[in-house]
Amino acid sequence: MTSEPRTGTWVVLPTYNEIENLPQIAPAILRQLPEATLLVVDDSSPDGTGALADRMAAQNQKVRVLHRPAKQGLGKAYTDGFRHALDAGAEVIVQMDADWSHDPTNLPAMVAELVNGADLVIGSRYVKGGGVRNWGILRRLVSRGGSIFARIVLRLSAHDLTGGFKAWRRGTLAALPWSSLHSGGYVFQIETTFRASRAGARVVELPIVFVDRRLGASKMSRRIIFEALLVVLRLRWDELRGRSARSRR
Ligand SMILES: Nc1nc2c(ncn2[C@@H]2O[C@H](COP(=O)(O)OP(=O)(O)OP(=O)(O)O)[C@@H](O)[C@H]2O)c(=O)[nH]1
Ligand SMILES: [Mg+2]
């Protein structure tokens, strides 16, 4: 527990080597959500993003920084960031990338959808009005193919399962089975939507246009894609095994 007062909206922003993007994206987020707290979760970026975030936090009490000792994957960074926001009393928790792929101007509509009754809002590239800009064919295939694969294997109705632009209602996020999540890397996005859906969350997709990162280097790799395939299959396998064990009882 912390002594901080309960505060409404927290935006969790994981960073790894985003020193070129953070100085612009942070104020852009707070312009869209002036009441929000921005939590930068930095994994000791070698380029000094963490120190820059500290300087921003010293000048603006809306900015907080969570330093993690090493890069252990996006899922771990989000898990820590979410826990921090929940402990501080956040009612709405938004997650997004720091590289301008997720447009801060979408934020008010996403948060409004939660107020209208959604439990989880997905900024979605794969519904009408959504899309991707500046991505090569391979990257498009991996993302679109990954979403379709996960959608079929896990029998989910949401169309964008691989994206990381999401807004959560506190109770929905807090109820995820944090200690038994399988995902350390990017597949965390699929797994959290899957778990929330199975728990009965009302999931709403709002169209977004995803723009390839403005600056800095990509962290996508074959290993990340392979982990996603395995984890999706495992989630479905565990579910089917659990069901047949229950029916034998
Ligand atoms: N704290 C932390 N942040 C990470 C890690 N990996 C990626 N990020 C951040 O998470 C967000 C998404 O990562 P990206 O590298 O942009 O992933 P992507 O959008 O799938 O791929 P590119 O834009 O092509 O690089 C960015 O803000 C990254 O800085 C990590 O291991 N730890
Ligand atoms: Mg990116």
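Biologist: Starting with D238, what does its relative accessibility make it, buried or exposed or something in between?
Modeller: In this predicted model, D238 has 24% relative accessibility and therefore counts as partly exposed. Buried would need under 20% and exposed over 50%.

Biologist: Which residue does D238 form a salt bridge with?
Modeller: Its partner is R234, and the closest N and O atoms of the two are 3.8 Å apart.

Biologist: How far apart are D238 and R234 in helix α8?
Modeller: They are 4 residues apart in that helix, so about one helical turn separates them.

Biologist: And what does R234 count as?
Modeller: Partly exposed, because its relative accessibility is 45%.

Biologist: R236 and E239 also lie in α8. How do their side chains meet?
Modeller: In a salt bridge, with 2.6 Å from N to O. R236 and E239 are 3 residues apart, which is about one turn of the helix.

Biologist: Is R236 buried or exposed?
Modeller: R236 is buried, and E239 is buried too.

Biologist: How many salt bridges are there in the whole structure?
Modeller: The search finds 11.

Biologist: Which residues are joined into one network by salt bridges that share partners?
Modeller: D43, R68, D80 and R83. Within that group, the side chains of D43 and R68 meet at 2.7 Å, N to O.

Biologist: Where in the chain are D43 and R68?
Modeller: D43 is in the loop between β2 and α2, and R68 is in the loop between β3 and α3.

Biologist: Is D43 buried or exposed?
Modeller: D43 is buried, as is R68.

Biologist: What about D80, where is that found?
Modeller: D80 is in helix α3. D80 counts as partly exposed because its relative accessibility is 26%. Leaving aside neighbours within four places in sequence, D80 is in contact with L66 and R68.

Biologist: What separates D80 from A196?
Modeller: Their C-alpha atoms are 18 Å apart, and the two residues are 116 residues apart along the chain.

Biologist: On to the sheet. In what order do the strands come?
Modeller: The order is β3-β2-β1-β4-β7-β5-β8, which makes 7 strands in an open sheet with mixed pairing. β3 (63–67) and β8 (203–207) stand at the edges with a single partner strand each, so each has one side left without a neighbour in the sheet. From one strand to the next, the twist averages 20°.

Biologist: How many bridges join β1 to β2?
Modeller: There are 6 between β1 (residues 9–15) and β2 (residues 37–42), and these strands run parallel. As one of the pairings, W10 has T37 in β2 as its bridge partner.

Biologist: How do β2 and β3 pair?
Modeller: In the parallel sense, over 5 bridges. D42 stands opposite H67 in β3.

Biologist: Which strands does α2 lie across?
Modeller: Helix α2 (residues 49–59) lies across β1, β2 and β3, and it runs at about 150° to β3. Helix α3 (residues 74–87) also packs on the sheet, where it touches β1, β2, β3, β4 (92–95) and β7 (166–169). The direction of α3 makes about 155° with that of β1.

Biologist: How many residues are in the largest nonpolar core?
Modeller: That core has 36, and F82, I93 and L154 have the most contacts inside it. The elements giving two or more residues to it include β1, β2, β5 (120–124), α5 (137–154) and α8 (222–248). Its largest share, 6 residues, comes from α3.

Biologist: What is F82 in contact with?
Modeller: Leaving aside neighbours within four places in sequence, F82 contacts V12, I93, Q95, W168, L173, W178 and F188. Apart from the core discussed above lies another, of 32 residues, with V11, L33, V65 and L114 among them.

Biologist: Last one: where is A175 found?
Modeller: A175 is in the loop between α6 (170–174) and α7. A175 has a relative accessible area of 59%, so it is exposed. The C-alpha atoms of A175 and R195 are separated by 9.3 Å, with the residues 20 apart along the chain.

Definitions and conventions
Residues numbered from 1 in each chain as written. Chains lettered and ligands numbered in written order. Predicted model: local features only at pLDDT ≥ 70, side-chain atom pairs only at ≥ 80, totals over all residues. Heavy atoms only, no water. Pairing = 2+ DSSP bridges. Axes fitted to C-alpha atoms, helices over the stretch in contact; angles between N-to-C directions. Contact = heavy atoms within 4.5 Å. Core = buried A, V, L, I, M, F, W, Y, C linked by side-chain atoms within 4.5 Å. Buried < 20%, exposed > 50% of the residue type's maximum accessible area, 1.4 Å probe, protein only. Salt bridge = Lys/Arg side-chain N within 4 Å of Asp/Glu carboxyl O.
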